[in-house]
Amino acid sequence: ACSSKYVLSQMHPMWQEPLEVPGGDHQSPIDIAVKKAVFDSDLKPLESSYDPQTCQQIWNNGYSFLVEYDDTTDKNILKGGPLQDKYRLCQFHFHWGESNDWGSEHTVDRRLFPAELHLVHWNSDRYTLFEEAVMEENGLAVIGIFLKVGKRHEGLQKLVDALPAIRHKDSVVEFNRFDPASLLPSNIDDYWTYHGSLTTPPLTESVTWIVMKQHIEVSHDQLAVFRSLLFTSAEEEVQKSMVNNFRVQQPLRGRTVRSSFT
Ligand SMILES: NS(=O)(=O)c1ccc(C(=O)NCc2ccc(F)cc2F)cc1
């Protein structure tokens with residue numbers, strides 16, 4: 001899978017923002033000012049096709065928890081929308097807060113959501129490995145989906161039940177037959193899209209962001225289990241709750257956010 005060979009650099013949630021990312025004027029996340037988004041009628045509907053059997057593992061990388069997929073074949077594909085090529089799913093992960101009042105990375109008219117899901121894909125038409133694609137401008141496509149607290153999300157529960165087994169950093173458990181499509185909102189035709197970056201180091205500006213207008217709902221208790229995860233490994237004396245693992249918002253620097261809807 002895409003990131004098991006790399007453990008994200010040791011970042012504390014409130015990790016010091018690098019003062020400048022070299023040439024970093026396409027950084028993420030951003031605030032999406034709805035009225036300033038430009039409707040683009042050329043944007044096509046998104047097409048995704050995921051195979052739950054290719055789910056491999058769920059693990060705590062010390063920053064979030066990732067569900068990883070076998071990305072050695074074209075079994076989990078995203079195309080259409082703003083994308084010219086086809087992209088392979090390699091993992092999905094979440095960002096959340098210590099309370100339900102904040103936690104998302106992107107905002108909509110400054111509105112914060114309690115959490116945000118990222119489905120990470122890389123361009124398998126042009127590159128052979130995620131690690132290669134992550135360095136290229138058209139290398140990655142990440143779907144961002146906001147989470148709101150409300151009714152229990154049945155699809156998410158299987159994932160929530162696995163979290164106690166990966167409480168500590170670097171813990172991994174086998175996880176199979178999970179359908180990422182079960183986490184998509186009913187409407188995936190309405191989205192905003194812009195060019196940005198990874199929201200954690202190396203912060204490379206290789207991401208076509210596709211942020212869904214429609215959120216998904218999870219229960220308060222489901223989100224509470226996210227907060228029971230730890231940033232720290234089992235050996236460390238002081239255990240730190242994994243919360244507030246989001247990056248601060250970045251300047252738009254003249255970029256245009258396009259919308260697929262009016
Ligand atoms: N939150 S986000 O969706 O923007 C995001 C998505 C993926 C990654 C990632 O894979 N990092 C590890 C990693 C793995 C390999 C590599 F070459 C570079 C690299 F950053 C980081 C952030």
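The structure is a predicted model, in which local features need pLDDT of at least 70 and side-chain atom pairs count only at pLDDT 80 or more, while totals for chains, interfaces and linings use all residues. Residues are numbered from 1 along each chain as its sequence is written, and side-chain values use heavy atoms, with hydrogens and water left out.

**The ligand**

The selection holds 18 residues, and the closest are His-93, His-95, Thr-199, Thr-200 and Pro-202. By type, the shell comprises ten nonpolar, six polar and two charged residues. Here Ala, Val, Leu, Ile, Met, Phe, Trp, Tyr, Cys and Pro count as nonpolar, Asp, Glu, Lys and Arg as charged, and the others, Gly among them, as polar.

Next, display the histidine side chains. An N or O atom in the side chain of His-93 is 3.2 Å from a nitrogen atom of the ligand. For His-95, a polar side-chain atom also lies 3.2 Å from a ligand nitrogen, and for His-118 the distance from a side-chain N or O atom to a nitrogen of the ligand is 3.4 Å. Taken alone, the ligand exposes 500 Å², of which the protein buries 93% (Shrake-Rupley method, 1.4 Å probe; for residues, only the protein chains shown count as cover).

Colour by secondary structure (DSSP runs numbered from the N terminus: helices are H or I of at least four residues, strands E of at least two). Strand S7 (87-96), strand S9 (115-123) and helix H1 (130-133) each give two or more residues to the shell. The largest share, three residues, comes from S7.

**The nonpolar cores**

A nonpolar core is a set of buried Ala, Val, Leu, Ile, Met, Phe, Trp, Tyr and Cys residues joined through side-chain atoms within 4.5 Å; buried means under 20% relative accessible area, exposed over 50%, and partly exposed in between (1.4 Å probe, protein chains only). Of the 44 members, Ile-58, Phe-65, Phe-92, Phe-94, Trp-96, Leu-159 and Phe-226 touch the most others.

Centre on Phe-226. Beyond its neighbours within four places in sequence, Phe-226 is in contact (heavy atoms within 4.5 Å) with residues including Phe-94, Trp-96, Leu-156 and Met-242. A second, separate core of 24 residues includes Ala-133, Phe-146, Trp-192 and Val-207.

Now select helix H2 (residues 154-162), whose buried residues are Leu-156, Gln-157, Leu-159, Val-160 and Ala-162. These pack against strand S4 (55-60), S5, S7, strand S14 (216-218) and helix H3 (220-226).

**Loops and cis peptide bonds**

Return to Pro-202, in the loop between strand S12 (191-196) and strand S13 (207-212). The peptide bond from Pro-201 to Pro-202 is cis, with omega near 15°. In the loop between S12 and S13 one also finds Leu-203, a residue other than glycine with a positive phi, near 55°. Leu-203 is buried, at 4% relative accessibility.

Asp-109, in the loop between strand S8 (107-108) and S9, has a positive phi near 50°. Asp-109 is partly exposed, at 41% relative accessibility.

Finally, select Ser-28 and Pro-29, which are joined by a cis peptide bond with omega about 0°. Pro-29 belongs to the segment before strand S1 (31-32).

Key:
A residue is near a molecule or strand if one of its heavy atoms lies within 4 Å of it. A polar contact is a pair of N or O atoms within 3.5 Å; within protein, one must be able to donate a hydrogen and the other to accept it, and residues adjacent in sequence count only if both atoms are side-chain atoms.
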